[in-house]
Amino acid sequence: GGSIILSEKGQFPLSGDNQATVGQYINDKKHAVSSRGVTRTKAGTILGCSSDCVNELVNKGLLSTTPGPYYRIICSESVREFAKQFVVLNDLAKSLGTSVRALRCGAEEQGYRLVLIKSKRGVTTPFIGRQRVAELHRFIEQQRFDAANRSAAWRDRLSSTEKLSQYLNSMRQAGRPLPRSGKRLNLRKVARASGICRDIFYWSQEARDLIDTAEREDALKHGVDSRTDLELLRSYLDELKIGGNPIPIGRRGKPNKFQIARIAGVNRNIFYESQEANRLLTRFQQYTAASSAEGDGHD
């Protein structure tokens, strides 16, 4: 008669007549399901992901299974259907010569839907619909084109220091003073005369060093007052007090800061950058108001 061998996975009936073995029985079962399904490892190879990811795809209902003798068998048809609809970003990144992170950022920026499968080990595998692959490819190509343009622009900006150096040398050789607003160097006019962008003075230390050296030389050569803007403003207001003269007033009856800065030889931004400059102006107005009231009282 037949015999039964028990295992944790189930019962396997063996026929004494044909002397079947457990190994033969399992091989027969494998052959029976091979036409209908594949193993997790094989499915992972087809889809470009790990077997753990395949398990999660099954758990989420994106792949279907058929019972196997000792392991989960993935239906071949479901694997083919999933592969037709989705592609893993890892493989796509390799084919495009970029990174998975760049593709994910690009997909999210463009609003493309991603299927994110997180395994029990905490590894996330991203998939994207195949209909979006061509669009994502164009996006990556555009990103590369823009990056190349930025690199070219950066190279152009670096050459701006040479243009600046040529301008400063020509001004030095001609003995001409550098353009100023009051006593402060006018970087906008320097940049325009040099044919460069003014922003270079904020991001390039080399340009900053060139202009600082040129400014010191120019101030010494052309007798530019070395006092600070605040000191110049205080001196101007003191002179007005001694002479009993008022400060320039605008149309709305307020101090004309533009005219005050021009006459004092300072940059008008001092009134927006320095609280002390505004306090000096306020105290001068209080002084003139008190002097006027005192004069009216004597009359």
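## A first walk through the model

Leaving out neighbours within four places in sequence, Thr-161 makes contact (heavy atoms within 4.5 Å) with Ile-200, Ser-204, Glu-206, Ala-207 and Leu-210. Thr-161 belongs to helix H7, residues 133–174; helices (H or I, at least four residues) and strands (E, at least two) are DSSP runs, numbered from the N terminus.

This is a predicted model, in which local features need pLDDT of at least 70, side-chain atom pairs count only at pLDDT 80 or more, and totals for chains, interfaces and linings use all residues. Residues are numbered from 1 along each chain as its sequence is written, and side-chain values use heavy atoms, with hydrogens and water left out.

How buried or exposed are two of the residues? Here, buried means under 20% relative accessible area, exposed over 50%, and partly exposed in between (1.4 Å probe, protein chains only).

| Residue | Relative accessible area | State |
|---|---|---|
| Thr-161 | 6% | buried |
| Cys-197 | 39% | partly exposed |

Cys-197 sits in the loop that links helix H8 (187–194) and helix H9 (200–203).

Now to the interior. A nonpolar core is a set of buried Ala, Val, Leu, Ile, Met, Phe, Trp, Tyr and Cys residues joined through side-chain atoms within 4.5 Å. The largest one has 18 residues, and those with the most contacts inside it include Leu-47, Leu-57 and Phe-127. Two or more residues each come from helix H2 (40–47), helix H3 (51–59), helix H4 (76–85), strand E6 (86–88) and strand E7 (114–118). H3 supplies the largest share, four residues. Another core, of 16 residues, lies apart from it, with Leu-232 and Tyr-236 among its members.

Three strands form an open sheet in the order E6-E8-E7, with antiparallel pairing; two strands pair if DSSP finds at least two bridges between them. E6 and E7 are at the edges with a single partner strand each, so one side of each has no neighbour in the sheet. From one strand to the next, the twist averages 30°. E6 and strand E8 (residues 124–129) are joined by three bridges, and Phe-127 in E8 is the bridge partner of Val-88.

Finally, a word on confidence. pLDDT is the predictor's confidence in each residue, from 0 to 100. The protein averages 79, and 79% of the residues score at least 70. Residues 1–12 have a pLDDT below 50, and pLDDT stays under 50 over residues 14–19. Where pLDDT is low, the predicted coordinates should not be read in detail.

Methods. Axes are lines fitted to C-alpha atoms, for helices over the stretch in contact, and angles run from 0 to 180 degrees between N-to-C directions.
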